[in-house]
Amino acid sequence: MDSRYRPAEIEAKWQKKWVETGLHKTDTDLKKPKFYATSMFPYPSGNLHMGHVRNYTITDVIGRFKRMQGYRVLHPMGWDAFGLPAENAAIDRGVHPSKWTYENIAQMRSQLEPLGLSINWDCEVATCSPDYYKWTQWIFLQFLEAGLAYQKESAVNWDPIDQTVLANEQVDNQGRSWRSGAQVERKLLRQWFFKITDYAEELLNDLDKLTGWPERVKLMQANWIGKSTGAYLEFPIVGMEEKIGVYTTRPDTVYGVSYVVLAPEHPLTEKVATKERRPAVETFVQEVANQSELERTAEDKPKKGIATGGKAINPFNGEEVPIWIADYVLYEYGTGAVMGVPAHDARDFKFANNYDLPIEFVIADPKAVGEQDISPSPDDGDQVIQVESTEAYTEAGIVINSGQFTGMSSESAKQAIIDYAQDKGFGKARVQYRLRDWLISRQRYWGTPIPVIHCPDCGVVPVPDEDLPVQLPENVDFSGRGPSPLAKLEDWVNVPCPNCGTSAKRETDTMDTFIDSSWYFLRYPDAKNEQKVFDSAKTNDWMPVDQYVGGIEHAILHLLYSRFFTKVLRDRGLLNFDEPFQRLLTQGMVQSLTYKNPVTNKYVPASKIDPSDPKDPDTGEPLQVFYEKMSKSKYNGIKPEEVISKYGADTARMFILFKAPPEKDLEWEDTDVEGQFRFLNRVWRIVTDFAPKYPSLASKQGKLTKPEKDLRRAIHTAIKEVTEDLIGDYQFNTAISELMKLSNALSDASCKDSFVYAEGVRILVKLLTPFAPHIAEELWHQLGYTASVGDQSWPTVDPEALVVDEITLVIQINGKKRGELQVSAQLDKAGLEKYARESEVARRYIEDKQIKKVIVVPGKLVNFVVG
């Protein structure tokens, strides 16, 4: 028998065999409990990196373990294949996005296969395939029918040179287009939205159901939804019938309003500007239009504004206050208008000081007002208490200078003021969310076409189900300039209305790719269904996903949108559950040693560096050395194929699992990889050396000697600890440590001809299977088995094996160890003292001496204190 461990041969052999035998097909035995494990599917960039390896290995270990535990396991894979990178590749390389994407999928799949992942490729989906996006379009129509999809005008980033819409990510921090370099403008375009705000309360409340999610992810989602309770108040405009509606969480400060601010895009802006102020206002509006949303809301940027000349009336005290417009107010947020209370808001305080606006305190620190008499004023306009301060007071306190509400606590005044406004008809209580409706329109080509037709007579007409999918045409010009490539295809755009036959036009926007990824996990259980989006019986059987694995960067949008889709499709009668992912694991990043010149800020490839003296090979300047996320641009990436070709996939898997807990960042070290390779070699030797003896000892039984008892205890301790690590918080690193302990116990055992040793070898191979499946499969067959080790039952703990029959009792005299002896583990304190007194060690030291005290620590020691 060959004693050398050759991973390349073994891994290729078993991967081929597993495919031939269909080992990784999904078990359909409904008598077994189900377990659905999947990772967030990747964008097919064409290159697998170690972050991918970590992600999919984690899911694979869990899936293999659950399968050995007797579950039917669904472990699928797919591709998040639409998106701007493919369209950019078409522009830059002169290749169609479809060709580029499918070549990348083939490349990445060929890189995944050597890892030995137990993926059922029969469930594979690609979001850019018509047989997938047909159903994405069908789901869109479900949203439309439910009143959850609509169009409205919305501000977008507009490149005036390329004449195209840009995503926020395509605008640099100077507000310029990533491609043309033009100063980006804000422009109103008619866009499609999903009404996710209709589900805001349920999305927030149901976070409590997600007991298997990290708390920080739930907190991030809660903050993104951003529920707040406050008041909606209306400020009449002087000389006009219109009113300015504002939302505030501090209605207790309403008597301190000294101005009202509109967003520059607000429809009332043009109306309230006086004739004298209109030119300046229009100039300011145009200036703000050239800024991105990020620029306007940046905390460190001074807030700019301009007076419109118009005035509003504070309905509580009848005072007129000026109407301003300012860059920090966004039309898409809240009502697009805010009330300015500079005395009690830090941003408003700075703004008022910059523009010399009044600052009127209406909440006071109880300590500051001291013994002053605070009572309601007879006249709402009287200023009873003066407050001098160089900053805004933003805490709770006592209401002052607020008419009938003066003297109340600010918390009590909030409700009293809301009740008063509601009674008088100029306000009401309101719950508001930071969450905005989801803008899903993209003016690009490589995405799912929105399946509606615009008819001059019928309006928005859904494409009939039988005409789905609305396929992307192939004959498209990719210039990167002008409107969506689809809008230029007249033969594709101009179609008859499905309702009345009138000449109509297709929608030329495509969908945000987050839509494609918001339901793919529902398709996996029935991925080849040509008649339905999925068979509800199949998807309801497998869902929710029992274990979902992916990066923390998707904690908000992808996970929130997936939750939203699940709830909508539930309400459409397709699903019978509320949440898509039962447990969530957000794995850490894979980092490696990085070299950077702090003077030039350029990264330097490690291949050009002497690690003992890291200097820039071009300038000789000392380099910064630190760990950072692997990236091509930082020259610190480790290609999986390089690791696999040198050490094998099992070693790569073992390292990625052992180096750090899955939720923590992992620092790549070649020496640690070699350590795992040495461990697998040690396991190989243990099993192959013993394999010839194994058949004759595997089924033998008999009374156990002490060495056999000790070894059996080590075996079943390993089963217990590894199982707990795989069931609980997935502490793969400590599970592998337990495998190392078991291998050491087998190496050190003095009973290598025992049936207990045979049991230990068998258990070691089984426990190793989820982590290093190829070597485990090979060793299992070398022990004489013919069925796959992956089909075997997971080992169970024999509680009796963990019981300790004997303990080593330490004998101390005056606290100093003098010897030890083996005694029964069942002895009580009296029995331990008796054994200790009668031992030769004790008699030698306590004979003819007075014993002042005896200290017995059960299971450990007996200490005689003698005179």
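Guide: Start with a strand pair. Two strands pair if DSSP finds at least two bridges between them. Here β5 and strand β7 (residues 185-194) pair in the antiparallel sense, over 10 bridges. Strands are DSSP E runs of at least two residues, and helices are H or I runs of at least four, numbered from the N terminus. This is a predicted model: local features need pLDDT of at least 70, side-chain atom pairs pLDDT 80 or more, while totals for chains, interfaces and linings use all residues. Residues are numbered from 1 along each chain as its sequence is written, and side-chain values use heavy atoms, leaving out hydrogens and water.

Visitor: Which residue stands opposite arginine 190 in β7?

Guide: Glutamate 153.

Visitor: How many bridges join β5 to strand β6?

Guide: Three, and the strands run antiparallel. Strand β6 covers residues 164-166. Valine 165 in β6 is the bridge partner of tryptophan 158. Four residues lie between the strands of this hairpin, where glutamine 163 takes a positive phi near 55 degrees.

Visitor: Why is β5 described as largely enclosed?

Guide: Buried means under 20% relative accessible area, exposed over 50%, partly exposed in between (1.4 Å probe, protein chains only). Strand β5 (residues 149-159) has eight of its 11 residues buried, so the rest of the structure largely encloses it.

Visitor: How do I read a core?

Guide: A nonpolar core is a set of buried Ala, Val, Leu, Ile, Met, Phe, Trp, Tyr and Cys residues joined through side-chain atoms within 4.5 Å. The largest here has 177 residues; Phe140, Phe194, Phe564 and Phe771 touch the most other members. Helix α25 (residues 755-768) gives the largest share, 10 residues.
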